[in-house]
Amino acid sequence: MRDVVDGVLDPDDGKTAVIVRALPAKHYAFDVKSVRILDIEVMTIMAKGTATRIVENELKACGYRVNNVENPFEALEYIVRTKPDMIVASSLLTGLSGVDLACAMKAMPATRDIPFVLFTSYDREHSSLAPLPDGVSVVRKGKMFSEDLAEAILASGLA
């Protein structure tokens, strides 16, 4: 293996290909049969796109049922009526920010106990997140996403 990495082997002799193909394959997919579907409903409030699919897929891989609402004003009505077990909202929404939505959810007696997660590119200390009420989890886009989401799920008590 060291000879392959160091370039000592001649790539045209066929040995490199044999060694590389003998290495174990890296698997990214999870076994669908290993996922236990839970009776936990998570509402995401995000615009359609790649980030939304990533968040939804991660939550579904945890066994949660996920539904997405793009419009934050419609989401307000759905949340009050359906009482999801957790809310995950993007910080950037049309017409009402995720921070505003978090403030509204935590201010209403009917929704204040629903765990709220804000999906953003900012750290919790960023000035735009200063109005966030206590108890709102922040999940950052990028390399900290999985770690932040795991912490948010643990903090919600839904794990």
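1. Start with helix 6. Its buried residues are covered by elements that include helix 3 (50-61), strand 3, strand 4 and strand 5 (137-140). Keep in mind that this is a predicted model.

2. Which residues of helix 6 are buried? They are Phe-145, Asp-148, Leu-149, Ala-152, Ile-153 and Ser-156. These residues lie on the same side of helix 6, because they cover an arc of only 135° around the axis. The face turned away from that buried side carries Leu-154 and Ala-155, both exposed.

3. Now the helix itself. Helix 6 spans residues 145-156, 12 residues in total. From first C-alpha to last it reaches 16 Å, close to the 16 Å expected at 1.5 Å a residue. Just after helix 6 comes Gly-157, with a positive phi of about 80°.

4. Next, the largest nonpolar core. It has 20 residues. Those touching the most other members are Ile-45, Ile-79, Ile-87, Leu-101, Phe-116, Leu-118 and Leu-132. Two or more residues each come from strand 1 (41-45), helix 4 (72-82), strand 3 (86-90), helix 5 (98-107) and strand 4 (116-120). Helix 5 gives the most, four residues. In soluble globular proteins, nonpolar side chains tend to be buried together.

5. Look closely at Leu-101. Leaving aside residues up to four places away in sequence, Leu-101 touches Ile-45, Pro-72, Leu-76, Ala-89, Leu-93, Leu-96 and Phe-116. Ile-45 and Phe-116 are, like Leu-101, among the core residues that touch the most other members.

6. How many residues does the second core have? This separate core has 17, including Tyr-64, Val-88, Phe-119 and Leu-158.

Terms used
Residues are numbered from 1 along each chain as its sequence is written. This is a predicted model: local features need pLDDT of at least 70, side-chain atom pairs count only at pLDDT 80 or more; totals for chains, interfaces and linings use all residues. Side-chain values use heavy atoms; hydrogens and water are left out. A nonpolar core is a set of buried Ala, Val, Leu, Ile, Met, Phe, Trp, Tyr and Cys residues joined through side-chain atoms within 4.5 Å. Buried means under 20% relative accessible area, exposed over 50%, partly exposed in between (1.4 Å probe, protein chains only). Contact means heavy atoms within 4.5 Å. The expected span of a helix is 1.5 Å times one less than its number of residues. The arc is that of the directions from the helix axis to the C-beta atoms.
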